[in-house]
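Thanks for coming, everyone. Let me put the model up, and then I'll walk you through a few places in it.

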Amino acid sequence: MQTKVINNKPVMIWANSVDAKAMQQIENLTTLPFLFHHLAMMPDVHAGMGMPIGGVLACKDAVIPNAVGVDIGCGMCAVKSNYKVTDISPDVLRKKIMSGIRQRIPLGMMHHTEPQPECYLPDGHEIARMEVVKRRQAAIVYEVGTLGGGNHFIELQKDEEGWLWVMLHSGSRNLGKLVCEHYDKLAQQLNARWHTKVDPKLRLAFLPVGTEEFKKYWAEMQYCVDFALCNRRLMMQRVQEVLAEALPGIAFEPMINIAHNYAAWENHHGQNVIVHRKGATLARQGVVGIIPGSQGTASYIVEGLGNASSFNSCSHGAGRVLSRTAAIASLDLQAEVSQLEAKGIVHAIRSQNDMQEATGAYKDIEEVIANQTDLIKVKTRLLPIAVIKG
């Protein structure tokens, strides 16, 4: 970890290098008048919208919708099974398991053709008071239990003892995007009215604690976090159903779940502050988390060490080294496919457009893990055997 001082604010960085755009965004964050104590940038840090992905920002009495991001509640879940990967034939893997998953879980922009039972949606929320969530209730029954696009994935993996694992990466689908955009626009309007010191060009419009707008965003954000968990939980249930049909006698341990796009009230350095984790994972002492690799590389089940310097956080994955556009333009399709096939990984890379989620678009996960040994300890190393990308 290295510490820089920018605009008289400490910035702690666990990455070996930071791209120029992300560094500019870090500098922008240090100008915020309500920034608390210091900034923390995880090993997977790279440029985002307003705030870098892989960043942790603590604020005094303010929340920034763009510092949470558009996929509110996006995160990981994983389960371990009692089945050995060596007992699964290639034919069963491809024709029963992978095909079955694709039949039951809509991928990319696809939704269910039939509404899913409302028992799969979050409960305990005052939806009548929520502007965006209330408007989307008729739509999200078709979206819950769907993967989404981009870097979202379903992977079958094996641990070092050969046990089969299932890992999922997904979020709040279109709901989180609409909530973020609605409240970011509202924050921009309010900040202009208040003549705040935060430059609107930075894309860091904020909502102060105590305002009605803050309360509304906070409630809708929390719903999105819960909806994203419901989404992952239902997909995991459907994957387990497919596996149970293909592999008689299979059983599963309890699901591990961790989100990486949200804001939360936490106590740090003796004060209650709002911690924004945008592409960062809670790593409080003893908390079990998930740090996935890129397509074709290892993923990790980890345990937090509770490092105060990172606001009890760690990375959420490997982190991009190439933008999607740059990856499509520069990566070698055949080389990326050959790399996966040499490892015997079942994949669905078919075109140059698929390079946006290829291994070469991401940082080296082994280096990312090595850079945060003061934040987490590794519990389990997992290797992919089959990958479904959104």
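Predicted model: local features only at pLDDT ≥ 70, side-chain atom pairs only at ≥ 80, totals over all residues.

Numbering runs from 1 along each chain as its sequence is written, and side-chain values use heavy atoms, with hydrogens and water left out.

Okay, pockets. On a 1 Å grid over the protein atoms alone, a pocket is an open set of points where a 1.4 Å probe fits, with protein on both sides within 12 Å along at least five of seven lines, and lining residues have an atom within 4 Å of a point. Points are joined across faces, edges and corners, and the volume is the space filled by probe spheres set on them. The largest pocket holds about 1,400 Å³. How does its lining split by class? There are 15 nonpolar, 21 polar and 14 charged residues. That lining has 50 residues, with I53, V70, D71, N151 and R324 nearest the centre. Helix 6 (173–194) and helix 2 (65–68) each give at least two lining residues, and helix 6 has the largest share, with 6. By helix I mean a DSSP run of H or I, at least four residues, and by strand a run of E, at least two, numbered from the N terminus.

The second largest pocket has about 260 Å³ of space. It is lined by 13 residues, and G150, D354, E357, K389 and G390 are the closest to its centre. Its classes come out as 4 nonpolar, 6 polar and 3 charged.

Back to helix 6 for a moment. R173 sits in that helix and has a positive phi of about 55 degrees, although it is not a glycine. Is R173 buried or exposed? It counts as buried, at 12% relative accessibility; buried means under 20% relative accessible area, exposed over 50%, and partly exposed in between, with a 1.4 Å probe and protein chains only. H269 has a positive phi too, near 50 degrees, and is likewise not a glycine. H269 is in the loop between strand 11 (261–268) and strand 12 (271–278), and is partly exposed at 42%.

Now helix 9, residues 333–342. Its buried residues are E336, V337 and L340. They span an arc of only 95 degrees around the axis, so they are on the same side of helix 9; that arc is taken from the directions from the helix axis to the C-beta atoms. Q334 and A342 are exposed on the other side. After helix 9 comes G344, with a positive phi near 75 degrees.

T281 is in strand 13 (residues 280–282), with a relative accessible area of 1%. Leaving out residues up to four places away in sequence, T281 touches I258, A259 and H260, among others, where contact means heavy atoms within 4.5 Å. R136 lies in the loop between helix 4 (131–135) and helix 5 (137–143) and is buried at 17%. Beyond its neighbours within four places in sequence, R136 contacts E143, N174, L175 and L178.

Conventions:
Nonpolar A, V, L, I, M, F, W, Y, C, P; charged D, E, K, R; others polar.
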